[in-house]
Each structure stands twice: as structure tokens, then as C-alpha cells.
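Reader: Hey, I'm new to this one. Could you walk me through it?
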Amino acid sequence: MTERVRSQLVEVHLVDGALAPKATPPPVGAGAWLVFEGIVRPSEEGRPLAALDYEAYEPMTSRELRRLAEATRVEHGLLSIVVEHSVGRVAAGEVSFRLAIGSKHRAEGIRAAETFIDRMKKTVPLWKTPVYQRENG
Amino acid sequence: MRVSVLLFGPQATLAGARSVDVDVAAESPTANDILAALREASPALTGSLAMSRLAVNHEFAAPDRPIGPGDEVALIGMVSGG
């Protein structure tokens, strides 16, 4: 059996468009491997949504995501943290954000996921603009 | 001094532009001076400025951070985070 060893504890990727399905193996030594995926909802404020347009401000966006990921890894004693976020247009129903956290036990991994996402929305330069479906077809 | 401030996402939509030029009287303006000038230059942004910070050369700027010629200034509004 081959075993992939992650070369980095923290990875950050900005990806054009929707995130493709992906099965990443957990880090060596993990007792928990949490993968959270954020999906573009089909409606926003009661209006049918076609897509969200995500905008980043590079290189600041990647730098702030990496800082936050590293701070979260240290604060919660994680084994690894992998962040993927879309830029550009992502249709309703598609994945625009993926957070994968490897930890020795589930408790710190779950806490870290909550912390990371809350802080990301407050401190990382990433914006979304709704693209609504046409009202009459 | 005239400073061009980059806008993104919903704030760019509100202002109807990707950047706003502001004139500041101070010889050595600070990030706070730029935010105050933005309120004057683009009233459409006023409501969202309380949830915004300035970035200078891709780093968040403290309110007293001086702004010089050639600095890249961006309005980072946490109004619709990812």
C-alpha cells in the first residue's frame, strides 16, 4: 500500500470557476479528517440565483488566507489545513469553497473549521456578487 | 494630493466604478484621511465604510498609516465576504 505524505502543512489555492470534486488523503497521524464544502445556494434573499461572481484582490487575498490558515493551524494544533476558494463565476449548486482539516482528534478539527470560516468572512479580501436569474424566463 | 482608491465587489457596484479618486488637503495624509475623503467623494459608499478597512500595497493599514505617492490604496469592504 502506498501512502501519500503531505509536503506542506498549509495549502491555499484560488481556483478559476467551480471547484471540481476531489478526494485528498488525510495527513499521516490524523484521527480526524474534516472536509467542508460551501455550495452556491439556488436563491438569495428570496430571489432565484443563477450564480455568484467571486472576486479576489491578489496577491493580498492568497496572503491573508495563508496567514489565517497558519494561525488556525497553530491555535488548534492541527496536522494540516488545505483551503480552496473559487474566483470568477460559480453556478448555483456548484462548490465554491473547500476546507480540509487534518487533526489528531475530532474536537479541535471541528472547532478550527468554525473559527477559520468565521474569520475568513471578516478578514480576507474576497467578495461575492449575486447573478440573479431573469425574472421572466 | 490626489489618491486613487481601488474598489471591489459590492462597493464597486455601489460606486459604479472600479476606483475612486479622492483629493486630500493634508501634505502627508493618513489612511483615516483617505477614508474621510472617500465619504465626500462617493456618498454611495458611506453606509459601507464602517465595515471597511484600507489596504496599502496589499497590507491592511492602521488608521495613522501615512499614504505617499505611488502607494497602491484599496478599499477592503467586508460587506459580502466569501
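Author: Here is a short chat about the two chains, their folds and where they touch.

Reader: What should I know before reading any numbers?
Author: This is a predicted model, in which local features need pLDDT of at least 70, side-chain atom pairs count only at pLDDT 80 or more, and totals for chains, interfaces and linings use all residues. Residues are numbered from 1 along each chain as its sequence is written, while chains are lettered from A and ligands numbered from 1 in the order in which they are written.

Reader: What ipTM does the predictor give the complex?
Author: The ipTM is 0.90, and the pTM is 0.90 as well.

Reader: And what's the mean pLDDT of chain B?
Author: It is 91, with 95% of the residues of chain B at 70 or more. pLDDT is the predictor's confidence in each residue, from 0 to 100.

Reader: How does chain A average?
Author: Chain A also comes with an average pLDDT of 91, and 92% of its residues score at least 70. Residues 1-7 of chain A are below 50, and that stretch has five contacts in the model beyond near neighbours in sequence. A contact here is two residues whose C-beta atoms, placed from the backbone, lie within 7 Å.

Reader: OK, how many helices and strands are in chain A?
Author: Two helices and seven strands. Helices (H or I, at least four residues) and strands (E, at least two) are DSSP runs, numbered from the N terminus. In chain A the order from the N terminus is β-β-β-β-α-β-β-α-β.

Reader: What does its C-alpha trace span?
Author: About 55 × 35 × 25 Å along the principal axes of chain A. Of the contacts in chain A with a separation of 6 or more, 81% are between residues 24 or more positions apart.

Reader: What share of chain A counts as buried?
Author: 31% of its 137 residues. A residue is buried if 20 or more other C-beta atoms lie within 10 Å of its own, exposed if 12 or fewer, and partly exposed in between, with C-beta atoms placed from the backbone.

Reader: Give me an example. Why does A:I81 count as buried?
Author: A:I81 counts as buried because it has 28 C-beta neighbours inside 10 Å. A:I81 is in strand 5 of chain A, residues 80-91. Leaving out residues up to four places away in sequence, A:I81 touches A:V10, A:A69, A:T72, A:R73 and A:I101.

Reader: And A:L49, buried or partly exposed?
Author: Partly exposed, because A:L49 has 18 C-beta neighbours inside 10 Å. A:L49 belongs to strand 4 of chain A. Beyond residues up to four places away in sequence, its contacts include A:R41, A:A92, A:P130 and A:Y132.

Reader: Switching to chain B. In what order do the strands of its sheet run?
Author: Five strands make an open sheet in chain B, ordered 2-1-5-3-4, with mixed pairing. Strand 2 (19-23) and strand 4 (59-60) of chain B are the edges, each pairing on one side only. Two strands pair if DSSP finds at least two bridges between them.

Reader: In which sense do strands 1 and 5 of chain B pair?
Author: Parallel, over two bridges, between residues 2-6 and residues 73-77 of chain B. In this pair, B:L6 stands opposite B:A74 of strand 5.

Reader: Which residues in helix 2 of chain B are buried?
Author: B:A31, B:D33, B:I34, B:L35, B:A37 and B:L38. The buried residues of helix 2 pack against strand 1, strand 2, helix 3 (46-49), strand 3 and strand 5 of chain B. B:L38, for one, is in contact with B:V5, B:V20, B:V22, B:L45, B:L49 and B:L75, leaving aside neighbours within four places in sequence.

Reader: Last topic: how many residues does each chain bring to the contact?
Author: Chain A brings 17 residues and chain B 12. On the side of chain A that touches chain B, the largest share, four residues, comes from strand 7 of chain A. That side of chain A divides into 10 nonpolar, two polar and five charged residues. Ala, Val, Leu, Ile, Met, Phe, Trp, Tyr, Cys and Pro count as nonpolar, Asp, Glu, Lys and Arg as charged, and the others, Gly among them, as polar.
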